[in-house]
Amino acid sequence: MTMLLILDFSGTLSVAAVQFGTPEYLGRALQESGLAALGVDETVYWREIVKPTWEEGSTSTAGLANLIARRVCAIGGASEPAYQAAQRFTQMYMAASAIDPAWQPLFDTVRSIPTVIPLIATDHYAEATLQITTQLTTLGWQAASLRVQRGHCRAIAQYKATRPYAIVPGTLFNHRRTALIANSADLGVIKATPRFWQWVRIALGVQPLRIVLVDDFGASENLDDFYANPERVTHRRQQTVAALQRVFAASIQTVQFVLDHPLDRTVTEVTELIRRYQ
């Protein structure tokens, strides 16, 4: 029985990614990157940079660094210093976005069950795809990112000493150490839309009979971020599950990640779900 294991990245696999947005870490990053010297404090960052650019950033290849630089210039910053500071800030953010080691047992279990396809599905900036690929490598996995090309979606893998190549839909079981990455910035749509999951289904080339979705739905994000608004979180969960149901004729079980819940217990819960239905 084919199972699709869908894992959110920021705020779920990577708790450190949302910790970066807390006042202590964010303030330091703004200072060290040089953005603070250009007039970007925490309030400006959330209200003048993130909020007005998030829709574009999460559905295009524009990238966080370019969006930050553009907004800094719009509020009076010089172009070259703004771009350099934005690049430094983005590099710091991505470097901080590490997969928590507590998830290692789950990935080890998935590797031993060939009928489970792991998919890291995230609403994120374009730079996140490379960061997630790097993080999967530290866990002993190869990564294949979903890319839309000429109206078709393919899983593009990159192995050492080889050129990137497309995995033929339906052959993922031949790549047992390959995890898929579906980043909204690469697919042009967010996870709460059926189109996102239609692209995923095309790339899979198989119909999973069971889906396990592990996601915080944005609840882990900093409260200064509009994305973490409780009503938005609830609505996002409902939309995401409904979109999955619309695209896949599969049994769907949701595990909502909660930041103040012991991480090892969540990992154990998901691992047991995987083992139970193998």
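The accessible surface of the protein chain comes to about 12,400 Å². Carbon and sulfur atoms account for 50% of that surface. The model is predicted. Its chain holds eleven helices and eight strands.

**Overall size and shape**
- The C-alpha trace of the protein chain spans about 55 × 40 × 35 Å along its principal axes.
- The radius of gyration of the protein chain is 19 Å.
- A compact globule of 278 residues would have a radius of gyration near 19 Å, so the value for the chain agrees with that expectation.

**Packing**
- Of the 278 residues in the protein chain, 52% are buried.
- Take the contacts between residues at least 6 apart in sequence: 73% of them join residues at least 24 apart.

**Charge**
- The protein chain carries 25 positive and 24 negative side chains.
- The centres of these two sets lie 11 Å apart.

- Ile68 sits in helix H4, which covers residues 64-74.
- Its relative accessible area is 0%, and buried means under 20%, so Ile68 counts as buried.
- Neighbours within four places in sequence aside, Ile68 is in contact with Leu35, Ile49, Ala86, Phe89 and Thr90.

Notes
Residues are numbered from 1 along each chain as its sequence is written. This is a predicted model: local features need pLDDT of at least 70, side-chain atom pairs count only at pLDDT 80 or more; totals for chains, interfaces and linings use all residues. Side-chain values use heavy atoms; hydrogens and water are left out. Helices (H or I, at least four residues) and strands (E, at least two) are DSSP runs, numbered from the N terminus. Buried means under 20% relative accessible area, exposed over 50%, partly exposed in between (1.4 Å probe, protein chains only). Contact means heavy atoms within 4.5 Å. The radius of gyration is taken over C-alpha atoms; the globule rule is 2.2 Å times the number of residues to the power 0.38. Accessible areas come from the Shrake-Rupley method with a 1.4 Å probe; for residues, only the protein chains shown count as cover. Lys and Arg count as positive and Asp and Glu as negative; His and the chain ends are not counted. The place of a charge is taken as NZ of Lys, CZ of Arg, CG of Asp or CD of Glu.
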